[in-house]
Amino acid sequence: MQQNIKQHLHQPAQLEQLYRNSPNAFSAAFNELYPEVAGNPIADTWHHRLKYQTTNSFDWGTGSEILLLLLLSAISGCCWFLPVWFQLPEESFIQHYLGFILFLPIALFYFYKKQLDYSKLLLPLGLFLLVFCFVFFLPLPLSSATGQLRDLHIPFLLWSIAGYVFVRNQLKETESSIQYLQHNGNWLIFSGLLGIAGGLFTALSILLFDMIGIQLSSIYEKYIFRWVLGAFPLFSCYVILNNPSLVNRISPIIARIFAPIVLLTLFGFLVSLAFDPAKIFNSRELLIVFNLVLVAVMAIVLFSLTIRNEGGAGEASKKILALLTLLTCVANLLALSAILYRLASYGFTPNRTAVLGANLIMFAHLSGITYQLLKGIRNNHLMHAVENTIARWIPLYTIWAAIVVFAFPYIFNMI
């Protein structure tokens, strides 16, 4: 990105296009580059513009974007009402189609926001339709293992398709993939904060109206709640995309606080487990916790890498992250040992096979991240290699999710 900015420094239109395509990456690269180009009138203008946007402005978007937000939110809200309108079993409907209700509107908004040609929307829409038809025409009981695995992996598969739109169909650009991961981290943080604030306000409003004899809770549940569910994820995404600097300082703070805490917790857990290692071979729930820990560690590593936008991660942060990923690799090895033991003892099942594949991918991925982090301790520029390692492995997770969704029902005879 810095090279592109230098190349187009005297072309205001090109700089504006670079910024609109990737606001986060442009801002970070420009802030690092600015000391070299200070004094250039265009560079000085961009410096003050970015500084002003970071500290004072809040962008609600254009009128057409707001109209699209309202339209997509209304469609999503209608989807939440389908079980009510057509007397469908709500639990199975939500389990089967939650990913579509969540990620299809977001993917369409990405398409509009990135200003892509309509021809580039055909493949993502085709993939959404393919997954939908597979779920609709191959109903599996909620109690079946392959059905549960399929419903669990479909949201990740659809999230990957939405990411394909976000990166503008340029899968080989690892910087765009990192931006998508960072965007999702910011989206989760903002959604959590907004959800807490909205939940508190709703609870207080219900209590206030109950005190004067109006049962607002029943009105809210019947007429409002589903519309809020439809609009909430897309609205959070909308705000983050239009205000990329809104929470991009929160992620590094969270990483700085929680990385050492998670490191100590994981170390203490592994030490405790060493006194009774048989537990991991007998507890299915423990394996699930291991997988959740792996996902959390990857998120913390990713958030920590955003610290470089504020001047670079310190040596202590790099060492903590390296130790954290190294310990997680050890934990993953223990989990893999337990999975292989259960496979040898009880045979292959859909759940064990799915967990085995996911753990193998995560172990290889974390090993690569650990290796790059250890190198990055000695050379600050190699921290970019960590980002590349994170981004390049995402397609493998998507491929495995697709195998679980499309192949497992047939491999294991729909059980």
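## Phenylalanine 100 and the nonpolar cores

Beyond residues up to four places away in sequence, phenylalanine 100 touches Pro105, Phe128, Val131, Phe132, Val135, Ile154 and Leu158. This description rests on a predicted model. Together with Tyr110 and Leu158, Phe100 touches the most other members of the largest nonpolar core, which comprises 80 residues. Helix α6, spanning residues 90-113, gives the most to this core, with 11 residues.

Another core, of 14 residues, lies apart from the largest one. Its members include Ile5, Leu15, Phe30 and Leu33. In soluble globular proteins, nonpolar side chains tend to be buried together.

## Packing of helices α8 and α15

Helix α8 (residues 145-166) packs against helix α15 (residues 350-376) at an angle of about 35 degrees, and their axes are 9 Å apart. On the α8 side, the residues that meet α15 are Ala145, Thr146 and Leu149; their counterparts in α15 are Pro350, Asn351 and Ala354. Classified by residue type, this contact has four nonpolar and two polar residues, with no charged residues.

## Cysteines

The model has zero disulfides. Cysteine 78 is in no disulfide, and the nearest cysteine sulfur, that of cysteine 79, is 7.1 Å away.

Is cysteine 78 buried or partly exposed? Cysteine 78 is partly exposed, with a relative accessible area of 29%. Cysteine 237, with a relative accessible area of 1%, is buried.

Terms used. Residues are numbered from 1 along each chain as its sequence is written. This is a predicted model: local features need pLDDT of at least 70, side-chain atom pairs count only at pLDDT 80 or more; totals for chains, interfaces and linings use all residues. Side-chain values use heavy atoms; hydrogens and water are left out. A disulfide is a pair of cysteine sulfur atoms within 2.5 Å. Buried means under 20% relative accessible area, exposed over 50%, partly exposed in between (1.4 Å probe, protein chains only). A nonpolar core is a set of buried Ala, Val, Leu, Ile, Met, Phe, Trp, Tyr and Cys residues joined through side-chain atoms within 4.5 Å. Helices (H or I, at least four residues) and strands (E, at least two) are DSSP runs, numbered from the N terminus. Contact means heavy atoms within 4.5 Å. Axes are lines fitted to C-alpha atoms, for helices over the stretch in contact, and angles run from 0 to 180 degrees between N-to-C directions. Ala, Val, Leu, Ile, Met, Phe, Trp, Tyr, Cys and Pro count as nonpolar, Asp, Glu, Lys and Arg as charged, and the others, Gly among them, as polar.
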